[in-house]
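Please have the sequence and the model open while reading.

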Amino acid sequence: MTAPAIEPSDINLNNPGHFQREEFHELLRILRHRDPVHWNPPGEVSNGFWSITKYEDILFISRRPETFISSKGIAGPGIKPEKLAELDFAAQQQNAGGNASIITMDPPRHVKMRRLVNKGFTPRAVNAMEPEIRRITNEILDRIAGKGECDFVLEVASQLPLAVICGMMGVEQEDWPLMFELTNKVLGSGDPEYQTDIPEEERGTGQAARLTAMKGLQTMLEYFRGVLEDRRQHPRENDLPTILLEAEVDGEKLTEGDILQFCFLLIVAGNETTRNAISGGLQVLCQHPDQKRALVEDPSLMDTAVEEILRWTSPLHHMARTATQDVELRGKTIRAGDRVLMWYPSANRDEDVFPDPYRFDIRRTPNDHLAFGIGEHFCLGAGFARKELKVMFEELLRRFPDIEVVGPPERLRSTFINGIKHMPVRFTPER
Amino acid sequence: MKVRVKADMCEGHGKCEKTAPEIFKLGDDDVSIVLIEGDLPKELEEKAERAYRLCPRQAIELIP
């Protein structure tokens with residue numbers, strides 16, 4: 001007897017279990033083939049939303065940042081307006097997005113704010129940082145070199161992006177573990193492992209997730225309030241908090257709230273997603289030993305390998321937008337006020353764009369994936385992510401060519417972040 | 001067809017230069033410059049459209 005076929009109407013993507021158990025690729029494939037503009041009905045607390053699963057449609061939405069805005073929230077379906085009053089402050093904050101950072105900002109202000117910092121993120125700026133990124137990478141690998149085994153996420157993958165972004169933000173090394181912990185609380189808030197401020201018997205609920213995210217956010221903002229206090233007295237060179245303190249938009253200085261949100265965004269976005277691309281990249285290479293061997297033998301394949309790792313892992317499952325007017329898409333009417341979720345792993349396996357999309361191929365060319373989004377909100381840190389991935393895999397495979405994943409990765413419970421929390425690896429130690 | 005680059009959007013990824021070096025060049029300030037003033041020769045229109053589609057920031061405008 002075969003299992004009954006899953007109908008598009010059975011699919012509810014607002015369920016982190018689908019993502020933790022990696023069922024989401026199959027569900028997204030069904031939607032992409034049979035109902036590419038799919039209405040996901042509301043839950044008890046959360047809004048209904050449209051699931052967008054075709055590459056071309058994500059392009060269409062991303063090119064219209066005035067029609068599909070970010071300021072109503074960029075993660076998940078959001079909470080029903082009538083439920084907001086019943087829930088506490090944390091939920092209201094989450095729905096409103098709190099003070100806006102550039103990720104939840106719309107044109108025209110978004111571009112003006114982004115331009116305050118974007119020169120530090122161009123390919124040219126990133127290339128200038130390459131020697132430093134390589135030095136940090138080898139320091140990280142030195143620490144595991146004699147051990148022969150480790151938790152790859154905690155000891156390797158998380159450490160490089162954390163060090164790079166904390167360096168740019170002037171966060172002292174002793175505080176890097178705190179930044180890691182708070183990032184996990186904010187972006188992994190739905191995972192009981194990070195709900196450490198909640199009594200054990202209450203973990204795993206939506207409310208526990210909202211409170212965890214809020215606690216992480218508040219602690220991080222408090223931390224950066226201290227950093228800003230310091231930089232007002234002691235400005236630094238090449239330091240993002242100093243740049244933001246001195247910056248003006250339309251002739252006005254930024255408010256402290258603006259700057260704090262900016263710092264918060266740069267830290268969390270700068271360390272979580274690249275971590276998961278590194279972990280997921282090693283996982284998929286180990287699942288394809290022939291391609292891993294090819295990459296060890298010919299590191300000149302690294303540029304295309306990095307792009308394929310990005311396509312394959314798609315570190316963010318989705319970004320959300322809210323329609324400001326009625327829009328027709330593939331015969332469906334998206335109404336003004338409706339939330340749309342753009343599912344990047346689906347676009348990155350769209351048969352109309354990628355031949356044989358479920359084949360992992362480190363030589364794939366062209367590879368115009370949407371792992372970083374596209375358009376107005378294209379990932380500011382894409383250049384750093386690419387460079388960190390390239391340098392990490394160059395050094396890792398040079399020093400530990402036989403590194404193997406030796407147990408099932410523990411995946412994050414999240415509809416937003418394609419996260420790996422722990423992944424045991426083994427390798428021949430260096431002498 | 002004319003081509004324009006929105007300078008406030010361009011972040012110097014250089015996809016346009018790679019795709020259509022006859023039309024685009026990355027300047028010293030990491031902003032892409034359009035090398036052809038006025039209408040594009042017909043044979044370059046397809047390349048311009050490809051660059052438009054690929055630009056990470058969608059900073060290219062095609063004016064019919």
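Which residues lie nearest the centre of the second largest pocket? They are Glu307(A), Arg386(A), His13(B), Lys15(B) and Lys18(B). The model is predicted: local features need pLDDT of at least 70, side-chain atom pairs count only at pLDDT 80 or more, and totals for chains, interfaces and linings use all residues. Residues are numbered from 1 along each chain as its sequence is written, chains are lettered from A and ligands numbered from 1 in the order written, and side-chain values use heavy atoms, without hydrogens and water.

**Pocket**
- The second largest pocket holds about 1,100 Å³ of space, and 38 residues line it.
- By class, its lining has 13 nonpolar, 12 polar and 13 charged residues.
- At least two lining residues come from each of α7 (123-144), α15 and α17 (382-399) of chain A and α1 (15-19) and α2 (45-54) of chain B.

**Helix pair**
- Helices α13 (residues 256-287) and α15 (residues 302-313) of chain A pack at an angle of about 100°, with axes 9 Å apart.
- That makes α13(A) roughly perpendicular to α15(A) (65 to 115 degrees).
- In this contact (heavy atoms within 4.5 Å), residues of α13(A) including Ala277(A) and Leu285(A) meet residues of α15(A), among them Ile309(A) and Trp312(A).
- The contact residues comprise 6 nonpolar, 3 polar and no charged.

**Sheet**
- An open antiparallel sheet of 3 strands (DSSP E runs of at least two residues) has the order β4-β14-β11 in chain A.
- β4 (149-151) and β11 (404-405) of chain A each have a single partner strand, so one side of each lacks a neighbour in the sheet.
- β4(A) pairs (at least two DSSP bridges) with β14(A) (residues 424-426) over 3 bridges, and Glu149(A) stands opposite Arg426(A).

How values were computed: Axes fitted to C-alpha atoms, helices over the stretch in contact; angles between N-to-C directions. Helix = DSSP H or I, 4+ residues; strand = E, 2+ residues; numbered from the N terminus. Parallel < 35°, antiparallel > 145°, perpendicular 65-115°, else oblique. Nonpolar A, V, L, I, M, F, W, Y, C, P; charged D, E, K, R; others polar. 1 Å grid on protein atoms, 1.4 Å probe; cavity = no way out; pocket = protein on both sides within 12 Å on 5 of 7 lines; lining within 4 Å. Points joined across faces, edges and corners; volume = space filled by probe spheres on them.
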